[in-house]
Structures are given as structure tokens and as C-alpha cells.
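Keep the structure open beside the text and look for each residue as it comes up.

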Amino acid sequence: MLREQRRRAGLTQEELAERAGVSAHAISMLEAGRRRPRLSSVTRLAAALGLDEAARTRLMSAAEGAAEGAADTPPAAGTAAAATATATAGTAAATAAEPPNGAAGASRCQLPADTRLFTGRAKELDRLLALAREAPAGSDAGMVVISAIDGMGGVGKSALAVHAAHRLRGSFPDGQLFIDLHGHTPGLAALAAEDALDWFLRSLGVPPQLIPQDLGERAAFYRDRLAGTRTLIVLDNAVSTAQVRPLLPGTPGSLVIVTSRKRLTGLDDAHTLALDTLAPAEAAALLHRVAGPGRVPEDHPAIAELAALCGHVPLAVRISAARLRHRRALRIEDLVDELRDEHDRLDRLRDEGRNLTAVFDTSYAALPEAEQHLFRRLGLVPGPDFDAFAAANLTGTDHRTADRLLESLLDHNLLTQHVPGRYRFHDLVGLYARTLDRADRLEEAEHTEEAERAAALERLLDYYRHTADDADRHLAHHSRPGAPRPAPAPAVAPVLPDRAKALAWMRSERNNLLAAVAGARPRHLIDLSGALAAFLQQEGPWHQAAALHGTAADTARAHGDRPGEAGALEDLGRVRHALGEFRTAADLHERSLALYQDLGDRFGEAGALEDLGRVRYVLGEFRTASELHERALVVHQDLGDRLGEAGSRWSIGRVRHATGDYPEAVALLERALETYRGLGNHHGEANTLWDLSRVRQATGDYSAAGSLQEQALTIMRQLGNRHGEANALWNLGRVRLTTGDATAAAAALERALEIYLDLGKRDGEAYALKDLGRVRLATGDTAAAADLLDRSLEIFRKVGQRYGAANATHDLGRVRHATGDTAAAADLFAQALAFFREVGDRQGEAEVLTSTGALTADTTGADEAAALYRRALDLARRAHSPLDEARALEGTARCAARTGDHATALTALRRAVALYRRLGAAEAPAAATRLRALEDADRG
């Protein structure tokens with residue numbers, strides 16, 4: 001009848017196909033009576049032919065009758081099924097057989113029931129719905145649209161596929177086919193493609209006697225049946241591309257959704273969708289829905305932890321929630337307590353029909369033997385992630401093999417890759433791997449093979465120790481004392497040719513190294529602690545570093561390792577220094593120094609002298625600090641240690657700066673800088689530039705000070721040294737404040753403060769607060785200035801930093817003066833002045849005397865103030881501090897003007913303005929205005 005209606009309409013098969021949206025091949029099959037018609041196809045054909053309802057019904061009946069008649073005869077010669085169908089005709093039953101492996105009965109809509117508990121996955125669902133819209137036209141290459149959903153066991157791949165399929169039913173009126181391919185079904189082998197095709201063909205109404213036996217012919221027959229249709233096909237739980245490929249339609253129009261625990265990399269034309277665990281909010285929502293209304297309060301504080309203990313894996317969340325639903329006496333906090341125990345967690349994540357361990361067992365069982373071995377050994381990694389080098393050392397293989405095995409585990413979704421080259425377990429999969437390793441150990445113990453596991457862990461720790469030592473050689477700022485401690489070289493390790501590579505490796509392995517130390521034997525603990533010292537000194541957090549080095553020192557002492565103890569004490573002292581615990585740091589360096597001297601380790605002795613000198617410097621004990629650094633310099637020179645010599649000269653130069661001997665400071669610092677540059681030691685170069693900038697600032701060369709500080713900042717950022725970066729930002733802020741750029745000063749100081757806070761560097765925090773207080777004072781915000789300076793002074797006093805405390809005390813006195821609290825100001829100035837006189841800091845003394853002169857002029861009188869300014873002027877000149885000289889001259893001019901000595905006032909103010917302008921100081925414009933007024937008054 002279809003052929004007659006088409007001819008009556010004057011249409012060819014191709015023209016009718018284009019008008020109806022049905023393939024010409026399908027029309028040919030319908031006209032020949034070789035295909036049972038679909039209602040949707042007949043509806044489109046009837047509409048294209050302009051048939052009424054009665055004619056459409058007759059068309060359907062005629063096509064069905066033709067198809068039924070064809071089923072009783074072999075297919076025409078030349079079809080894919082001809083040979084097999086002829087051989088089996090008359091012997092096979094004409095009715096559909098039961099599907100394989102207990103699948104659901106055959107029907108055009110075979111989708112499993114959707115669940116009302118489906119939660120989240122909005123983005124993934126939107127993507128699948130969007131693919132459905134592409135299905136009629138096919139892919140860019142005109143192929144069938146395929147979505148391959150992969151992910152770890154229990155992550156909800158099947159639930160998503162089924163839920164999406166139910167949402168898409170209306171878009172695929174020719175049927176929705178579903179089959180479980182049993183890729184990872186406990187107790188069942190994966191379904192062969194031949195059996196899956198047999199099931200699908202019977203579902204499509206093909207009599208058993210017409211189904212070919214050959215896989216290729218069967219697949220061709222299947223594609224032929226689906227050609228020209230809009231069918232949704234869900235291939236659940238696939239094991240490989242080879243299993244899936246024969247089940248794909250051959251022409252556009254249909255959508256295939258495949259789920260697999262393995263990434264099906266052979267499906268090049270598929271849209272891949274890697275399914276991750278649930279977001280915390282989605283996991284919480286699923287917990288509520290499964291547990292039932294009102295079972296768990298919406299805002300219960302244990303919800304987030306329970307979801308996290310379940311790894312945000314849907315299956316684990318469902319099992320836990322089901323326990324809450326069915327055991328009404330069980331509280332969520334009780335369930336959390338149970339799951340906190342790692343040893344029992346997986347055993348508790350099971351119920352009547354679901355078992356998370358069994359899910360993981362099937363994934364593990366599907367692995368080749370080499371991947372299984374690596375999977376177990378990766379359970380030994382102490383930290384959160386690993387790379388191919390760690391894997392190679394664990395298994396005693398080469399890097400290329402380890403990399404290939406890791407990629408295989410990644411494709412099986414037993415690992416994740418958060419950055420290129422680095423892998424990690426999902427929390428529950430990692431727990432499963434460690435459980436396997438424990439079970440493996442029990443079996444090995446019976447076969448006396450426990451040594452292999454111990455050897456694997458030893459190889460990993462030796463690899464960490466060796467490579468950390470290699471990295472430390474690029475990161476340490478000083479020579480390591482003592483002879484190298486013998487350690488086996490790993491068979492495989494990365495090459496770290498420079499500081500950048502060393503720092504990158506340390507940052508990548510940081511958590512692994514710290515975790516390795518926590519559980520290591522004494523030898524590895526002590527050596528790894530030392531290898532990590534320079535890195536942790538730079539990166540922090542210092543409280544963690546202090547705990548590590550303290551444990552190393554205690555361990556070394558307990559095991560009679562005196563060189564190890566000396567090194568750990570020295571490392572711990574540096575961290576205590578960084579934390580602002582200067583007295584404790586001094587004691588640690590004294591102990592380290594004594595050990596090194598007893599051992600005759602002169603490298604260690606020199607280093608301890610340097611460290612002790614730096615502590616005495618920050619405590620304001622400049623004479624003692626200078627003596628210690630000079631002793632260290634002699635040792636370095638005797639040893640021919642040029643790096644150590646440069647460090648000693650840098651340290652002595654800092655002391656000379658603090659005591660106002662600027663020419664000698666410059667000479668020492670410039671010589672240290674030359675050595676550092678000659679050695680290619682960029683860290684030493686940056687530190688020396690930083691101190692040279694401070695000397696240039698003290699002598700009034702603000703242009704040079706700013707340039708040097710910018711150079712130091714650039715190097716520190718290139719080195720990735722956040723501590724050094726903060727120091728450079730702090731000093732740059734001070735330079736910008738001196739030259740009047742309060743906005744730039746505040747920005748630099750606030751960024752420095754942020755880094756200091758992050759690092760836990762208390763004295764750095766105090767200095768940044770102090771100078772931010774000076775910025776606020778300069779801009780007239782005395783309330784904010786007072787608060788910042790009070791906070792700064794409190795920290796300085798807590799950490800015993802007398803020098804910083806003296807400067808903060810002086811600045812706080814200036815705030816009190818500005819707010820009219822002259823008595824408090826006078827007391828604060830007196831405290832600061834006493835300290836600077838004690839330590840011999842002429843510049844500091846001159847600065848405080850100038851402030852005291854201003855206060856005296858306001859409270860006592862100009863004559864008394866003038867005497868203070870004269871003393872300040874003398875000290876400023878002796879200290880080579882032109883800014884303090886200019887300020888003392890300006891104060892002298894004000895006093896002279898008040899007493900009517902206009903000549904002295906003009907002379908002093910002109911010299912002050914000239915100095916301010918030469919320096920580029922912030923005071924220049926205001927002083928120039930006062931000078932013009934004074935000159936006008938004198939002329940008048």
C-alpha cells in the first residue's frame with residue numbers, strides 16, 4: 001500500500017524520505033515488507049503523503065501484514081542474515097527467547113525504573129539533554145551521537161544514565177533500549193557482544209531463526225533494524241570499547257549512552273563525560289532525601305563530616321542514609337563516630353544488597369597483574385599524591401613502565417589526576433588500597449615475603465631523602481656542615497638542575513615528605529628534617545617546621561647521633577628566630593655551637609656563630625653580634641668557603657648600618673654583593689640589595705634606595721621566596737612614605753603584612769603594622785595610627801625585639817603629641833631615646849631628639865627646643881643622615897622664628913629646603929611654603 005500511495009503522490013523513495021524525515025532505506029524496507037513499521041514512522045509518512053486518519057490506519061495494517069508474512073520466509077539472498085536464517089528456518093522458535101543473564105523482558109521501552117531520590121548532577125544532565133538535541137542530525141562527521149560516561153565504582157553513572165534516559169523518552173519515539181553489559185558485576189562475566197546483540201534484536205521483534213550467528217553479520221542486521229529510527233540506547237556497565245562498538249547504530253538519529261568504570265578511549269567519536277563525586281551540598285541533599293523527611297535536621301553540624309567520610313560518593317551516602325532511615329535509634333553523630341575509624345569504615349559501608357568493598361573488588365579484579373601490584377603498593381605512599389618516580393621506586397621498575405601503569409589505573413578510574421603528572425586516590429579508593437595492602441601483608445607473612453613490602457617502602461623513603469637532599473643544595477643559603485651522610489641512591493629520580501626545578505619539586509612533594517617524616521625510622525626522620533629545613537624556612541608554616549625539627553633533635557639525641565642533633569638544633573633555632581622567639585633561638589644556637597665545636601666540625605661552628613649573631617642583632621646587642629660574625633668570617637676564610645664569607649660580610653654590614661656606620665656598612669655590603677653575584681647565589685644577592693637599599697635610604701639617597709629595593713623584590717619573586725618578598729615590600733613601603741607617596745606606601749605595607757601573617761612571622765607583622773601606623777599618621781588619621789602602633793608595640797615586646805619596640809615607641813609618641821597628650825608623648829620619647837643611646841644608634845637618637853624638640857617647643861619654650869635641635873643636628877651629621885639633618889634644621893628655624901631671630905631662621909630653613917629637595921623628601925613642599933612666607937615677612 002505504501003508503494004501505491006507514494007506513486008499516487010508522484011514521489012520517488014528519495015523525495016518521500018526527504019519530505020517525511022524517514023530514511024530512503026527504511027521506506028524501501030517497509031515497501032518490501034521487510035520491516036515492522038513504527039507508529040512514528042507511519043505518522044510521518046502519512047503526513048508527507050497527505051493521508052487522512054483512515055488511510056493512515058490502512059497503511060499501518062498493510063505494512064504490519066507484509067512484515068508478518070516476511071517473517072515466515074527466509075530473507076532475500078544477499079542480506080546479512082541470509083545464510084544463517086536459511087539454515088535455521090523451521091527449527092528455531094518464532095517467538096522471542098528470554099534475554100541473557102537475567103535481563104528484563106523484551107520491550108520497546110526497556111529502561112529500568114527511575115528513582116525519585118536522584119539528586120544533583122544538574123550540569124551533567126544538561127549536557128546529556130543537549131546531546132539529545134544533536135542526535136537527529138548526528139555528529140559533526142555525520143555519525144551516531146554517543147555519550148560515554150565514566151567514573152569510579154559507586155559514583156552514580158548508571159543512575160545518571162537512567163534518569164537522563166527517562167527525561168529523553170519523548171525525543172526518541174522509536175524506542176528506548178537498555179542492557180546491562182555486566183562489565184563489573186560481582187559473580188557474572190562480562191556480557192559478550194554477540195549475546196547483547198541477540199538480546200537487542202529479539203527486543204526489536206526479530207524472530208530467533210532470523211538472527212545470524214556470526215558477530216559481524218549480527219551487528220550488521222542490528223544496524224539495519226535501527227537505520228532511519230530515533231532510538232535511545234543505554235549500554236550500562238561496559239567493560240571495553242570492543243564490547244561496545246558492535247552495539248552502535250550505523251546511521252544518525254539515535255543516541256547511545258554508555259556507562260563504564262573504565263575510560264573507553266577507543267570511542268574516538270564519543271562525547272566523554274567523566275563523572276566525579278558529588279559536591280558537598282549535593283551529597284547533603286542526597287543524605288536528606290534517602291534518610292527521609294525530618295530524619296536529620298537540615299542544619300545538623302555532623303552532615304558535612306558524614307558526607308566527607310563517605311567521600312561524597314553517592315553509593316556510600318545512600319548506604320549511610322539508608323541506615324539512618326531504617327534504624328530510627330541511630331543518630332547521625334553515632335554514625336559519624338563509627339565511620340571515623342579508617343580500619344572499619346569500608347566494612348560499615350554495606351547493607352543488604354549493596355557493598356562498597358565489593359564494588360571496589362570488581363574494579364581491582366579487572367586489572368592486569370602489574371596494575372594490581374602497583375595499586376597495592378601505592379597504598380604505602382604516606383602522603384596525598386604521587387608521581388611516576390614514586391611509583392617506580394615503590395615497584396622497582398623504570399619510569400616509563402611506572403608512567404604507563406599509572407595511566408592504566410587512571411583509565412580504570414582508580415586514580416585521579418589533579419595536575420599533569422601527579423596522581424591521587426579518591427579517599428575511599430585509597431582506603432581500599434591500604435586495606436588490600438594490609439590483607440596482602442597477612443598473606444605475605446605466611447609465605448615469609450613481608451620483606452618485599454618493607455623493601456618497597458624503604459626504596460620510596462630513600463628516593464624522597466635523596467631527591468630532597470638534591471633539591472636542598474639549590475635552596476640552602478649556607479654551606480651544610482659535616483660530611484655527607486651515606487644513603488642509597490634510588491634507581492629512578494628526577495633531575496633538578498637549578499633552583500626553580502628544586503623548588504617546584506619540593507612544593508609538589510611537600511605533603512608527602514612531611515607525612516614520610518611523621519612515620520619514618522630515626523635515620524630517615526633526621527635526614528629528611530635537615531633536607532627540608534631551607535625549604536620550610538622559606539615557605540613556612542614555621543610552627544610545623546618547628547615541630548619537625550624539634551622531633552628530629554630529640555630523636556637524634558636519643559639515638560646518639562650528635563651531628564644530626566647539632567643540625568636539627570640549628571634548624572630549629574632558625575625557625576624560632578623567624579617566629580620571633582629570639583631568646584629561645586639564642587639558646588638553641590648556643591647548644592648547636594657547643595656540639596659542633598666538640599665534634600670539630602668547623603663548617604657547623606661557623607654556621608652556628610652566624611645564626612647566633614643574627615639573633616643578637618635583632619635583640620639590639622650589636623657589639624656581641626659583630627663579634628660573633630667576625631669570628632664566623634675568620635672560620636669561613638680558613639675553610640675557603642666563599643659563600644660563608646659573603647654571608648658574614650653581609651651580616652657585619654647590617655650591624656654597621658644599625659650603629660650608624662654607613663660608609664663601612666656600604667663597603668661590606670657591596671663586597672658581599674660582588675661575591676654572591678660571582679657565585680650565582682641569587683638569594684644572597686637579593687638579601688644584600690635589600691640591606692644596601694636601607695643604608696641608601698638612611699643616607700638620603702631615596703632614588704637609589706627605591707631602585708635597589710625593586711631589584712630585591714623582583715629577585716625574591718623570581719625565587720618564589722615569600723619571606724623575602726614580604727621584607728622587600730615592607731622596606732619599599734617605607735621608601736615610598738619618605739618620598740610622600742602614601743598610597744603606594746600603604747599598598748606595599750599591606751601586602752607585606754598579609755604575607756607575614758600567612759607565614760606566622762611575628763616581628764615582620766609588627767614592623768609592617770608600625771609603618772602602616774606611620775602612614776596613617778602622615779595622612780592625619782591619628783586614631784588608626786595609634787591602634788596600629790599599639791598592636792605593633794605589643795608584638796615587639798612579646799617577641800623581645802627591642803629595636804623594633806624602640807622605633808614603635810617613638811612613633812607612638814609622635815601620635816600622642818599630635819593628639820595633645822604631651823605627657824605621654826614625653827615619656828614615650830624618653831624610653832626610645834634611652835634605647836638608642838644604649839646601643840649607640842646615632843641616627844635613631846637624632847630622630848627622637850628632633851621629635852622631642854618639637855614637643856618641647858609646644859610645651860616648654862623655643863630656647864629649650866633649640867638646644868635639642870642642635871644636638872639632633874650634630875648627631876645626624878655624624879650619622880650621615882641628611883633627612884634627619886634637614887628635619888633638625890627645620891626645627892631650628894622654627895625656634896629662631898619664634899624668638900625673633902629671622903636671620904638664623906632663614907639660614908636654617910633654606911638649608912633644610914635644599915636638603916629636602918635634593919632628597920626628594922615628602923617634607924619639601926611644606927617647608928618651601930614656610931620659607932617663602934618667612935622671606936616675605938623678612939622683606940616686609
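## Around helix α39

Just after α39, glycine 840 takes a positive phi of about 80°. This is a predicted model, in which local features need pLDDT of at least 70 and side-chain atom pairs count only at pLDDT 80 or more, while totals for chains, interfaces and linings use all residues. Residues are numbered from 1 along each chain as its sequence is written, and side-chain values use heavy atoms, with hydrogens and water left out.

Helix α39 itself covers residues 822-839, which makes 18 residues. Helices here are DSSP runs (H or I, at least four residues), numbered from the N terminus. From its first C-alpha to its last, α39 reaches 26 Å, close to the 26 Å expected at 1.5 Å a residue; the expected span is 1.5 Å times one less than the number of residues.

Which residues of α39 are buried? They are Ala825, Leu828, Phe829, Ala832, Leu833, Phe835, Phe836 and Val839. They cover an arc of only 160° around the axis, which puts them on the same side of α39. The arc is that of the directions from the helix axis to the C-beta atoms. Buried means under 20% relative accessible area, exposed means over 50%, and partly exposed lies in between (1.4 Å probe, protein chains only).

What do the buried residues of α39 pack against? Their partners are α29 (622-639), α38 (802-818) and α40 (842-859), with contact meaning heavy atoms within 4.5 Å. On the face turned away from the buried side, α39 carries the exposed residues Ala823 and Glu838.

## Salt bridges

How many salt bridges does a search of the whole structure find? The search finds 66, where a salt bridge is a side-chain nitrogen of Lys or Arg within 4 Å of a carboxyl oxygen of Asp or Glu. One of them joins the side chains of arginine 202 and aspartate 198 (2.9 Å, N to O). These two are 4 residues apart in helix α9 (residues 193-203), so about one helical turn separates them. An α-helix has 3.6 residues a turn, so residues three or four places apart point the same way. Arginine 202 is buried, with a relative accessible area of 15%, and aspartate 198 also counts as buried at 15%.

Now find arginine 557, whose side chain meets that of aspartate 554 in a salt bridge (2.6 Å, N to O). The pair sits 3 residues apart in helix α25 (residues 542-558), again about one helical turn. Arginine 557 is partly exposed at 38%, and so is aspartate 554 at 46%. Arginine 557 also forms a salt bridge with glutamate 565, with the closest N and O atoms 3.0 Å apart. Glutamate 565 is buried, with a relative accessible area of 11%. Elsewhere, a network of salt bridges links Glu570, Asp571, Arg574, Glu610, Asp611 and Arg614.

Is glutamate 935 buried or exposed? At 19% relative accessibility, this residue of helix α44 (residues 924-939) counts as buried. Its side chain is joined to that of arginine 910 by a polar contact of 3.2 Å. A polar contact is a pair of N or O atoms within 3.5 Å; within protein, one must be able to donate a hydrogen and the other to accept it, and residues adjacent in sequence count only if both atoms are side-chain atoms. Not counting residues up to four places away in sequence, glutamate 935 touches Leu906 and Arg910.

Arginine 225 lies in helix α10 (residues 215-226) and counts as buried at 9% relative accessibility. Its C-alpha atom is separated by 8.8 Å from that of alanine 26, which is 199 residues away along the chain.
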